[in-house]
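Let's take a walk through this structure together, one piece at a time. Keep the viewer open and follow along.

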Amino acid sequence: MCGIVGYFGAVPGGLPARTLLERMTQQIIHRGPDEQGIHSDHGGGLGHARLSIIDLSSGQQPMTNEDESIWVTFNGEIFNYVELNEQLARRGHKFRTKSDTETILHQYEEDGRDCVKAFNGDFAFAIWDKKAHRLMLARDRMGVRPVYYTFVGKTLVFASEMKALLAVPGVEAEFDPIAIDQVFTFWFPLPPRTTFKGIFELPPGHVLVAEDGRVDVKPYWRLTYRDRDDLAPVDEEAASEELHDLLVDATRIRLRADVPVGAYLSGGLDSSVTTALIRNFTSSPLRTFSVNFESAEFDESEYQMEMVRALGTDHSSILCTRQDIGRVFPDVIYHTERPIIRTAPAPLYQLAKLARENGFKVVMTGEGADEVLAGYDIFKEAKIRRFWARQAGSHRRPVLLRQLYPYLVGLSGQPQPYLEAFFRAGLDKPDHPFFSHLPRWGMTSRIKQFYSAALRCDVGDYNAVEDLRSRMPEDYGRWHPLSQAQYLEAGYLLPGYILSSQGDRVAMAHAVEGRFPFLDHRVVEFAGRLPPRLKLRGLVEKYLLRKCMGRYLPETIARRPKQPYRAPDSACFFGSDAPDYVAEQLSPQRLTEVGLFDPDATGRLVHKCRSTGVIGFRDNMALMGLLSVQLLQERFVATPAGKLPIDAALSV
Amino acid sequence: MPANVETAIRKFIAHSFMYREGVDSLKDTDSLLDKGLIDSTGVLELVFFVESTFGVKVNDDEVLPENLDSIERIASLIQRKLAASPATCVA
């Protein structure tokens, strides 16, 4: 796992190529502290910050082929490189290293831009093809690894994180009001849009090819699901065995590393499954890590310790206090490079630090199981609301709402009439393509009431939900409602928030790489072909996963209902031990200076947070969203990283 | 206890749930749920406000939209409570 940078065209700002590439690489050196390398030719250059995991002695990058006509800079892993290298060797390719980086070079020689189709992995890479005078950027199917790009004149520049682009002369950070509006609807900007105007994210499963003065961005893979009307029988036992075998293999190839692989253990079903698979199907020594909270509302240590005892792992945990979250929040925002409306990335930032301090560069996690095999409560919520909508006058149907979100204290104690009132939103639109998500997006959109007059004007009549609607694939309408909701989670929230702000960015801040067996594309494609009843059976989530993996888990874990990972929110920023920056960033003066939020309205929210102990979801989300935008402005817009001397940028 | 019940309720709602919307636009009969002003925590805040400001006790089975979903309904609940237990009113 590493950081990549590069350019295609003339070197911007008239800098020597080496200076530019070194300056960009320095901005993301946290991703690859082990070694750095650059390569440049006339018209193109690549840089690399390396975290050595596979072939420690000879895997240096940028790497080239035999005649030095093709160069690659690569972040991530090609997990099936062993098998691919055998095939490539049979076709006459000569390997000088044992690294998966070289696999990319030879597969590109074979297949050109289609080389990605052969890869099973989490990757972002750039290929500089000197003879063809072509630059190719590629990103893995599910969006585990990031890559961003922008243009300076006719030159394309790219990097793993936007902060490296901001080090390029001529690239400035300016907030994109539409991106902010998207975050305050969906929790993330819709790619290719990013927080900053003119800087683009290569969407998951896409390839960019720049040549002959053209830039072509195309998908090479996408999520798809079984048609709603496809009634072809599926044998449950056979499906269970197939899922089992796929997960075993997905885990096995993800343990390929020349350094020890650890595991995050949340105490839930998914990370327990991945940990149990490592224990049962490999001889790898098992080292596990977890995060604990002071409040019983968030803490899962009881279940974590149950798995630790059951599997006999060597375990370390870190207690993440409200003060810790408040303290590290600005650093977390520096890494996420986008506004966030929950603090959840902060404890994961601390957890990655714990793994790194214990000498681990690679951790396996259960990420993706909820999206791929239907674990989230939003799927159950939509199912109950849809059932209720068919007989909206029924008094018995909405009683099922009681089964939702049992972990949300404020919600589970509600009297039935209020519970019904909250979930009634959108009940009159059972045919809306976003029926499952309209309540969540509607609630998130309440943050928009804090917009300043200027931001309101900039957003104008833009409608984020309609924008997303126009992007739905042609077959979306043919899928079962559960599949539609899964698509919104797996295709958008997962890469846009879970794998980025809660994933790559906070882990790579400490040079730790996450690996996710549930996001192996073979597992994802298999799950897409399953009928919905094998995923959400009645109101039992991840039905098939429980069936095929229950045998490896203590019964309490195997049967445990979904407990999503959550962390304390606004309480981290107020009270006697509140961090100093909060009052400053949310002061009328700073709000006016940044100009995006109304100082009076924000002042009322801050007053409420300070004076009352009861803060709801909406206020929490608004507070996090506003504070993170203010911090982003200070960190990137007011003082773009590239305008700082390199030493100063490194010391932040 | 505030002299004008409706005014006190209106002020509380404005400060707790209406960061931006003009408070004058909210009619006494407007549904707080339909206006999107109340979420699950909002109900708890509202009950806490009624109990602590007016010195009355709201029972669990009274936490219903019929009693709490508009300024008028909340005022009516408070008046009924106060009338039923004058001792609490003096306190």
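Start with α26 of chain A, a helix that is mostly covered, with 16 of its 22 residues buried. This is a predicted model, by the way, so take everything here as computed from predicted coordinates. How far apart should the ends of α26(A) be? At 1.5 Å a residue, its 22 residues should span 32 Å, and the end C-alpha atoms sit 30 Å apart, so the two figures agree. The helix does have a kink, though: about 25°, centred on L632(A).

α26(A) also takes us to the partner chain. Residues 617–638, which make up this helix, supply at least two residues of the side of chain A that touches chain B, and so do α13 (409–412), α14 (416–423) and α25 (599–611). In total, 21 residues from chain A and 17 residues from chain B take part in the contact. Sort the chain A side by class and you get 12 nonpolar, 4 polar and 5 charged residues.

Now hop across to chain B itself. What is it built from? Chain B has 5 helices and 0 strands, and along the sequence the pattern reads α-α-α-α-α. Of its 91 residues, 32% are buried. Looking at contacts in chain B with a separation of 6 or more, 63% are between residues 24 or more positions apart.

Back in chain A, have a look at two helices that meet: α9 (residues 322–336) and α10 (residues 345–357). Their axes come within 8 Å and cross at roughly 90°, which means that α9(A) is roughly perpendicular to α10(A). From α9(A), the contact uses D324(A), I325(A), V328(A), F329(A), V332(A) and T336(A). From α10(A), it uses P345(A), A346(A), P347(A), Y349(A) and Q350(A). By class, that contact has 8 nonpolar, 2 polar and 1 charged residues.

Most residues other than glycine have a negative phi, and most peptide bonds are trans. Another cis bond joins P191(A) and P192(A), where omega is about 10°, and P192(A) lies in the loop between α5 (177–186) and β10 (200–201).

For positive phi, go to D212(A), which is not a glycine yet has a phi of about 50°. D212(A) is in the loop between β11 (206–211) and β12 (214–219). A374(A) also has a positive phi, near 70°, and is found in the loop between α11 (369–372) and α12 (377–390).

One last stop is G575(A), in the loop between α22 (555–558) and α23 (580–585) of chain A. With 14 other C-beta atoms within 10 Å, G575(A) is partly exposed. Between G575(A) and E420(A) there are 155 residues in sequence and 34 Å in space, C-alpha to C-alpha.

How values were computed: Residues numbered from 1 in each chain as written. Chains lettered and ligands numbered in written order. Predicted model: local features only at pLDDT ≥ 70, side-chain atom pairs only at ≥ 80, totals over all residues. Helix = DSSP H or I, 4+ residues; strand = E, 2+ residues; numbered from the N terminus. Buried ≥ 20, exposed ≤ 12 C-beta atoms within 10 Å, placed from the backbone. Contact = placed C-beta atoms within 7 Å. Nonpolar A, V, L, I, M, F, W, Y, C, P; charged D, E, K, R; others polar. Expected span 1.5 Å × (residues − 1). Bend = angle between axes of the 7 residues up to and from the residue. Axes fitted to C-alpha atoms, helices over the stretch in contact; angles between N-to-C directions. Parallel < 35°, antiparallel > 145°, perpendicular 65-115°, else oblique.
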